[in-house]
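Me: Hi! Could you walk me through this one with me? I've got salt bridges and cavities on my mind.

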Amino acid sequence: MAERHFAPDVPELRERWGSFTWDKAHAPEAARALAKYPEGRKASAVIPLLDLAQRQVGAETGTQGWLPVPVIEFVAAECGLPPIRAMEVASFYTMFNLVPVGKYHVQVCGTTPCMLRGSDDVLKACYAKGMKKGGTTADGLFTLTEVECLGACANAPMVQINDDNFEDLTEASMTKVLDALASGAPVKAGSQIGRQTSCPEGGPTSLKKMTERNYDYRPMWSEAGEGA
């Protein structure tokens, strides 16, 4: 579940994560993040280090990653912060998972544009795969969360799965994405109808020659202005 509460700080959690430190793959990036800030200002690295720690936990557990309390405490020490300060940051930003999640964290946008464009159909596809909001499937593959605006309203409905956006979804195309992820097949992020970024569906409706080359429209506009 990706809810906004910390996993219980029980002895088993301490035993598993109490000795957390950067591994060889993540230590160089941690050092680069800290080096960006002078002494006395290392606290500014808390967000990138929390993100990095979550990714390392994900790599170790075969999931999208999450932040056990001992890991947050480790990051706080790296930044010269009291643990509660790092916990405040981790609990504020929903990009940080405070409890275990699956290999794929499916975040379905339910805000008005996505709702009007069919987010209920996207959720229906998720439910058909055994997902429940706030829960992880029994095989540990998918965690489902309904979230607020993910900032791709022009391409609604959309979901974020781990680091990727999937846009212009229908129940059928969402099912196809989930099936591909479950089978380990490659998936295409972004628009599922071939839209280029947030261009109008079907292609540009104005300045169409710009899709062919850097066309200069200015002479045309000047002539029109002179004749006005």
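Reply: Happy to. This is a predicted model. Let's begin with Asp216, which is partly exposed at 35% relative accessibility.

Me: Which side chain does Asp216 meet in a salt bridge?

Reply: That would be Arg218, with N to O at 2.9 Å. Arg218 is exposed, its relative accessible area being 57%.

Me: How many salt bridges turn up in the whole structure?

Reply: The search finds 11. One of them pairs Arg16 with Glu60, at 3.6 Å from N to O. Arg16 sits in helix 1 (residues 11-17) and Glu60 in helix 3 (residues 46-61), so this bridge ties together parts 44 residues apart in sequence.

Me: What about Asp168, who's its salt-bridge partner?

Reply: Arg195, and their closest N and O atoms are 2.7 Å apart. Asp168 is in the loop between strand 4 (164-167) and helix 8 (171-183), while Arg195 is in the loop between strand 5 (190-191) and helix 9 (218-226). The two are 27 residues apart.

Me: Are Asp168 and Arg195 buried or exposed?

Reply: Both are buried.

Me: What lines the largest cavity?

Reply: Its lining includes Cys109, Cys114, Cys149, Cys153 and Met158. By class, there are eight nonpolar residues, two polar and no charged ones.

Note on methods: Residues numbered from 1 in each chain as written. Predicted model: local features only at pLDDT ≥ 70, side-chain atom pairs only at ≥ 80, totals over all residues. Heavy atoms only, no water. 1 Å grid on protein atoms, 1.4 Å probe; cavity = no way out; pocket = protein on both sides within 12 Å on 5 of 7 lines; lining within 4 Å. Nonpolar A, V, L, I, M, F, W, Y, C, P; charged D, E, K, R; others polar. Salt bridge = Lys/Arg side-chain N within 4 Å of Asp/Glu carboxyl O. Helix = DSSP H or I, 4+ residues; strand = E, 2+ residues; numbered from the N terminus. Buried < 20%, exposed > 50% of the residue type's maximum accessible area, 1.4 Å probe, protein only.
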